[in-house]
Amino acid sequence: MITLYPGGAYLVNGTQLIPDGADQEALLKQAAGEVVSKEAAAKNTIAYGILEAHNTSDNMSKLKIKFDKLTSHDITFVGIIQTCRASGIEKFPIPYVLTNCHNSLCAVGGTINEDDHVYGLTAAKRYGGMYVPPHQAVIHQFAREMLAGGGKMILGSDSHTRYGALGTMAMGEGGPELVKQLLSRTYDINMPGVVAIYLKGKPEKGVGPQDVALAIIGKVFGNGYVNNKVMEFVGPGVANLSADFRIGVDVMTTETTCLSSIWKTDDTIKEFYDIHRRPEEYKELNPGAVAYYDGVVEVDLSEIKPMIAMPFHPSNTYTIEEVNANLGDILSDVEKRALVSLDGAVDYSLMDKVRNGRLYVEQGIIAGCAGGGFENICDARDILKGANIGADEFTLSVYPASTPIFMELAKNGVIADLLGTGAVVKTAFCGPCFGAGDTPANNALSIRHTTRNFPNREGSKLQSGQISSVALMDARSIAATAANKGYLTPATDMVDVDYTKPKYYFDKTIYDNRVFDSKGVADESVEIKFGPNIKDWPEMSALPENMVLKVVSEIHDPVTTTDELIPSGETSSYRSNPLGLAEFALSRKDPAYVGRAKEVQKAQRAVEADQCPVSVLPELKPVMDTIKANFDVNRKVLGFGSTIFAVKPGDGSAREQAASCQKVLGGWANIANEYATKRYRSNLINWGMLPFLIDGEDLPFTNGDYLFIPQIKKAIEDKLTDITAYVVKDGEMKEFTLKMGELTDDERTIILKGCLINYYRG
């Protein structure tokens, strides 16, 4: 079904793979007529060509990328623009689109969500952007319909910014990276590795894009095969997939922890641009005659079966057939994993979902950037035609990803057919993907064609004793399950379904009538409207010469998601209020974290006011006595703050608040064995936090310990990679080593200044 190559491989004429091995040169000469070096052939990937075209440096090993367009949604754009305002922005220098698809439910949190929307509209007018009102489109569908272009690059502040199937290399990063682009700076990275996703064969009837995506994620997430690399989709199997199918696979590449994705393009993608009345944006993209890839994921589409990602991660994958055949073993295993993910905070059970030997689920959702596409919903209708979802616990909700899709589904009768089955059809909204819509009952199981199934992604609250869970599936198998009244069913079992495949007609009239487009013209006469929840970022200190850190949280889960660092769901309403949101930091993982961090922050506040830190935090006295007995320091050359340890933090969302909430609570650093994603590490750096690394989980410190890091400022200035630190405890100082991964000169300066805002202020 899926094979991972142990090394790299040449791709000749887009069809023949020649993997690394003893006879590689001979095979290459036979296939291509010549031997091309790996270094030269690596320049023939699609990814290399696009990156080269957008690189502003003279060094392809050290890229300085300028993007063509930017996009954000209403959870992130307020913080981004506030940072830009603090840095003196006068105009958006490139097209910047503000969509409103996350905080669309304006009753949540009173007026504050709609206040953010008004802020966004006035900011788009003042600085020359585009504003998409709530319920018109989810961020990524609007980008596909109106922004993508062959050979272009788009940067977004949502982690699922992926338009590779349309020939656009797109990346999801934390807000500060968009700020850099808006202030005419660059996105600085080392040249990433490029991994070929070689598709062959054709999916069988009933298999959808989520099935292919989950199969790939299950193979590559745990071993980091594509981590921070570009996934390049090639091979003869690409031609056997529709545009919607490719898009559905592509958007899920984020869950592999890759950096970005790109696909070869053809007449199918040309037709997509023609349908959306932007034929000039199509560009044929293919690798060169001889291209070299750093790795290969070979996917036989004909062998992919309907898949399910069981709670609580998209990589926890099985075929639906496996689950149905081994219910007891698999459900028991998921329950055991849940003990780690949920920290035993609630009673959690899946075994009670087994009814008459079959798995019963209480809810189905087809929604968002992954599930809400035209083809997914039409195929779901075809499966459900003549059936109904029944009058028991099971419910089905369908969210078309944009109003143009909704309009076409209404015109061709799909909406009416779905409503007739008992399903509910709703407007474009990302809520079911992050825990702000369709929250099921306590201990219920929801199957969703959305992007993620982390804990709390369905809206439950562990701290209130509430837990439900999500399994990810394709829309077709969700529809098959709905047709069987909630009993888990793969779509391939529905052998008599006639998939009608109606043609899609794009009507952008609603966008013409409702979307504000400044055409890039700024209007400085417009006053930005602020709601009472929209707050400026607090002042942040520069990096001190020496640092005293208290470990205030210690997390030993194999992976810590950004959802666990700062929860999604209803807390999203507070993302325009840095201090208000910070109250929720680690609330579902370590509820004591905020209080501990605030206590330590008192010491730093005292130093900033030229007061004695011990006077506000008496527990510091023995720590300082020990430090002063060994080092000649005083409060004028000391900084005080908090840090957390996590094995592998930062999987999941691009949300910068996972880092900024720690910073506004006095966080100076994270300590980790590794960072799950580049974007989380970048967020730490952009908020002036040190992304320390430490070898092994046998730590020299524990939660509550104080650490002393002498001459940390000089260590950053001198580009040290090994940094001496001490555990200060019981009158002793025990030395250990922290490591610092590669930092660019700009990143070092940002850390020294204390955060990106300070960096731009000068």
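Trainee: Is Asp-333 buried, partly exposed or exposed?
Mentor: Asp-333 is partly exposed, because its relative accessible area is 27%. Buried means under 20% relative accessible area, exposed over 50%, and partly exposed in between, with a 1.4 Å probe and protein chains only. Please note that this is a predicted model, where local features need pLDDT of at least 70 and side-chain atom pairs count only at pLDDT 80 or more, while totals for chains, interfaces and linings use all residues. Residues are numbered from 1 along each chain as its sequence is written, and side-chain values use heavy atoms, with hydrogens and water left out.

Trainee: Which residue forms a salt bridge with Asp-333?
Mentor: The partner is Arg-337, and the closest N and O atoms are 3.2 Å apart. A salt bridge here is a side-chain nitrogen of Lys or Arg within 4 Å of a carboxyl oxygen of Asp or Glu. Arg-337 is itself partly exposed, at 41% relative accessibility.

Trainee: And where do Arg-337 and Asp-333 lie?
Mentor: Both are in helix α12 (residues 327-341), four residues apart, which is about one turn of the helix. Helices (H or I, at least four residues) and strands (E, at least two) are DSSP runs, numbered from the N terminus.

Trainee: Which helix holds both Arg-605 and Glu-608?
Mentor: That is helix α22 (residues 593-608), in which the two are three residues apart, again about one turn. Arg-605 is partly exposed at 40% relative accessible area, and Glu-608 is partly exposed at 42%.

Trainee: What about Lys-729: which residue is its salt-bridge partner?
Mentor: Asp-705, with 3.3 Å between the closest N and O atoms. Lys-729 lies in strand β33 (residues 722-729) and Asp-705 in the loop between β31 (690-693) and β32 (706-709), so the pair ties together parts that are 24 residues apart in sequence. Lys-729 is partly exposed at 40% relative accessibility, whereas Asp-705 is buried at 7%.

Trainee: How many salt bridges are found in the whole structure?
Mentor: The search finds 43. Some residues are linked in a network of salt bridges, namely Asp-379, Asp-474, Arg-476 and Lys-501.

Trainee: Changing topic, what is the strand order in the open sheet of six strands?
Mentor: The order is β9-β8-β5-β6-β7-β25, with mixed pairing. Its edge strands, β9 (169-172) and β25 (516-517), each pair on one side only. Two strands pair if DSSP finds at least two bridges between them. Strand β8 (residues 153-156) pairs with β9 in the parallel sense over four bridges.

Trainee: Which strands does helix α3 touch?
Mentor: Helix α3 (residues 46-54) packs on the sheet against β8 and β9, and its direction makes about 75° with that of β9. Contact means heavy atoms within 4.5 Å. Axes are lines fitted to C-alpha atoms, for helices over the stretch in contact, and angles run from 0 to 180 degrees between N-to-C directions.

Trainee: Finally, how many helices and strands does the protein have?
Mentor: The protein has 29 helices and 34 strands. Of its 762 residues, 64% count as buried. The C-alpha trace spans about 80 × 65 × 60 Å along its principal axes.
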